[in-house]
Amino acid sequence: MSSSFEKYQKRRLISSYFSVVISISLVLFLLGLLGILVLNTKKVADHFKEQIALTVFLKDTAKEVEIDQLEKSLALADYTKSTRFISKEDAAQQHSKEIGEDFMEFLGYNPLQNSIDVFFNADYVSETQIAEISRDLSQKDFVDDVVYDKPLIALLNDNVKRISFWILVISGIFLFIAVLLINSSIRLSVYAKRFTIKTMQMVGATKGFIRRPFIWKSVRLGVIGAIIALAGMGGVLYYVNQSFPQLYILADRNLLIGLFAAVFFIGIIISWISTFFATQRFLNLQTDELYY
């Protein structure tokens, strides 16, 4: 009879430890994914900003040497990520493909112009800076017009600010929820041993002596949960990097190492603190209060 009861208690204990590890690993995994999102919000925003182009249309009278000098000066500018020269012939071919017919046969001439597309570094994609660059380029004699999508730039910058703010708010809320969930799981596992705690206290064991094995056990469970969470985060990072290599999500190794270390230590710290206060609560209860 006592043997079967002991087996039952062991199963309950293993089940309790398993649920704690799963709870910790899932919460830390989600917290880690949110951390990855926070770290890469700027990178994703920068990626979209760098797709915005400013197009410089050149007059037909522009000399080849003037075009070459403009291209070189734009390529060397701090605000430029890349440039692309599009001849009027290439532009006509592309336009014909888009509309499905050769418009030059109908018109009898090519009305398009040579142009240079300028793609900016993300830090320079703002209404004021691009407007200033546009004014400078427009003053050149051989430049006919400078065109860019002003409403899109304003919309993109506004949305980036809004999204960044809400991601930070959600991160704070989620961190609070993570602490509560891990704390609840550990409190339940300690609750199952409340009578053991009180028995040890009644035979003269000090509070520190009683707390120590519980804390070390929870810290070990926290470490296991954190390792599982980190493995899951690593898998997600690998998948995202393979699917979207243009985001260079693994480029900043130091930030990622810092995030992994933070998730690991959060699992240990929350486990330690939760166990400390959970055992302290039962140590301070009277014997008859353990049944409620």
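Predicted model: local features only at pLDDT ≥ 70, side-chain atom pairs only at ≥ 80, totals over all residues.
Residues are numbered from 1 along each chain as its sequence is written, and side-chain values rest on heavy atoms, with hydrogens and water left out.

The chain contains nine helices and four strands, where helices (H or I, at least four residues) and strands (E, at least two) are DSSP runs numbered from the N terminus. Read from the N terminus, these elements follow the order α-β-α-β-α-α-β-α-β-α-α-α-α. Of the 292 residues in the chain, 37% are buried; here buried means under 20% relative accessible area, exposed means over 50%, and partly exposed lies in between, with a 1.4 Å probe and protein chains only. The accessible surface of the chain, computed by the Shrake-Rupley method with a 1.4 Å probe and, for residues, with only the protein chains shown counting as cover, comes to about 18100 Å², and 62% of it belongs to carbon and sulfur atoms.

The four strands form an open sheet in the order β2-β3-β1-β4, with antiparallel pairing; two strands are taken to pair if DSSP finds at least two bridges between them. In general, strands of a sheet pair through backbone hydrogen bonds, either parallel or antiparallel. The edge strands of this sheet are β2 (80-86) and β4 (143-147), each of which pairs on one side only. Neighbouring strands are turned by 20° against each other on average, direction ignored, where axes are lines fitted to C-alpha atoms (for helices, over the stretch in contact) and angles run from 0 to 180 degrees between N-to-C directions. Strands β2 and β3 pair over six bridges, and within this pairing F85 has I116 of β3 as its bridge partner. Strands β1 and β3 are joined over five bridges, with A53 standing opposite F119 in β3. Strand β1 (residues 53-58) and β4 pair over four bridges, and there the bridge partner of F57 is D145.

Two helices pack on this sheet. Helix α2 (residues 64-76) touches β1, β2, β3 (115-120) and β4, and its direction makes about 160° with that of β2. Helix α5 (residues 127-138) touches β1, β3 and β4, and its direction makes about 170° with that of β4.

Strand β3 is largely enclosed by the rest of the structure, because six of its six residues are buried. In a regular strand the side chains alternate between the two faces of the sheet. In β3, S115, D117 and F119 point one way, while I116, V118 and F120 point the other way. F119 is buried at 14% relative accessibility, and its contacts, not counting residues up to four places away in sequence, include E50, A53, K81, S82 and R84. Although F119 and S82 are 37 residues apart in sequence, their C-alpha atoms are 5.3 Å apart in space.

D117, also in strand β3, is buried as well, with a relative accessible area of 7%. The side chain of D117 makes a polar contact with the side chain of T55 at 2.8 Å; such a contact is a pair of N or O atoms within 3.5 Å, of which, within protein, one must be able to donate a hydrogen and the other to accept it, and residues adjacent in sequence count only if both atoms are side-chain atoms. T55 lies in strand β1 and is buried, with a relative accessible area of 16%.

Two salt bridges were counted, each requiring a side-chain nitrogen of Lys or Arg within 4 Å of a carboxyl oxygen of Asp or Glu. In one of them E50 meets K81, the closest N and O atoms being 3.7 Å apart. E50 lies in the loop between α1 (2-49) and β1 and K81 in strand β2, so this pair ties together parts that are 31 residues apart in sequence. K81 is partly exposed, with a relative accessible area of 48%. A salt bridge also joins the side chains of R84 and D117 (2.9 Å, N to O), and since R84 lies in strand β2 and D117 in strand β3, the pair ties together parts that are 33 residues apart in sequence. R84 is partly exposed at 43% relative accessible area, whereas D117 is buried.

Notes
Contact = heavy atoms within 4.5 Å.
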